[in-house]
Amino acid sequence: TCFFFSFFKTLVGHTIIVELKNDLIIEGVLHAVDQYLNLKLRNISVHDEDKYPHMISVKNCFIRGSVVRYVQIPKDHVDVPLLQDSARLEAKQLKEASKH
């Protein structure tokens with residue numbers, strides 16, 4: 001989780017799309033993220049407003065990390081080599097920790 005927390009912190013200030021487990025899709029600017037991967041979004045819009053009319057007037061929201069199904073991020077905000085190196089490093093650390 002530390003790996004994802006660090007990664008999401010680099011996306012603060014950028015627009016992301018969050019799909020929730022209840023199928024609600026929210027697009028907005030990531031304002032904050034915490035160690036539980038809870039997200040605060042600003043300037044949100046909801047995909048399929050006809051299905052969720054009560055969300056039209058909502059402009060900012062807090063999303064509990066446990067209800068997130070997917071997060072879509074702009075391709076140009078992903079440093080793939082850095083992400084791969086970080087994933088390998090975390091996997092190596094977990095493997096070494098399990099030996100002790």
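## Asp48 and the β3–β4 loop

Asp48 is partly exposed, with a relative accessibility of 46%. In this predicted model, Asp48 belongs to the loop that runs between β3 and β4 (61-63). Its phi is positive, at about 65°, although Asp48 is not a glycine. Most residues other than glycine have a negative phi.

Leu37 is located in the loop between β2 and β3. The phi of Leu37 is near 65°, again a positive value in a residue other than glycine.

Asn38 is placed in the loop between β2 (25-33) and β3 (39-46). The relative accessible area of Asn38 is 12%, and because buried means under 20%, Asn38 counts as buried. The side chain of Asn38 makes a polar contact of 2.9 Å with the side chain of Asp34. When neighbours within four places in sequence are set aside, the residues in contact with Asn38 are Ala32, Val33, Phe62, Ile63, Arg64 and Gly65.

## The largest pocket

Two helices, α1 (2-9) and α2 (80-99), each contribute at least two residues to its lining.

The lining consists of Cys2, Phe3, Ser6, Phe7, Thr10, His77, Asp79, Leu82, Leu83, Ser86 and Glu90. Sorted by class, these lining residues comprise five nonpolar, four polar and two charged residues.

How values were computed. Residues are numbered from 1 along each chain as its sequence is written. This is a predicted model: local features need pLDDT of at least 70, side-chain atom pairs count only at pLDDT 80 or more; totals for chains, interfaces and linings use all residues. Side-chain values use heavy atoms; hydrogens and water are left out. Helices (H or I, at least four residues) and strands (E, at least two) are DSSP runs, numbered from the N terminus. Buried means under 20% relative accessible area, exposed over 50%, partly exposed in between (1.4 Å probe, protein chains only). A polar contact is a pair of N or O atoms within 3.5 Å; within protein, one must be able to donate a hydrogen and the other to accept it, and residues adjacent in sequence count only if both atoms are side-chain atoms. Contact means heavy atoms within 4.5 Å. On a 1 Å grid over the protein atoms alone, a cavity is a set of points where a 1.4 Å probe fits but cannot get out, and a pocket is an open set with protein on both sides within 12 Å along at least five of seven lines; lining residues have an atom within 4 Å of a point. Ala, Val, Leu, Ile, Met, Phe, Trp, Tyr, Cys and Pro count as nonpolar, Asp, Glu, Lys and Arg as charged, and the others, Gly among them, as polar.
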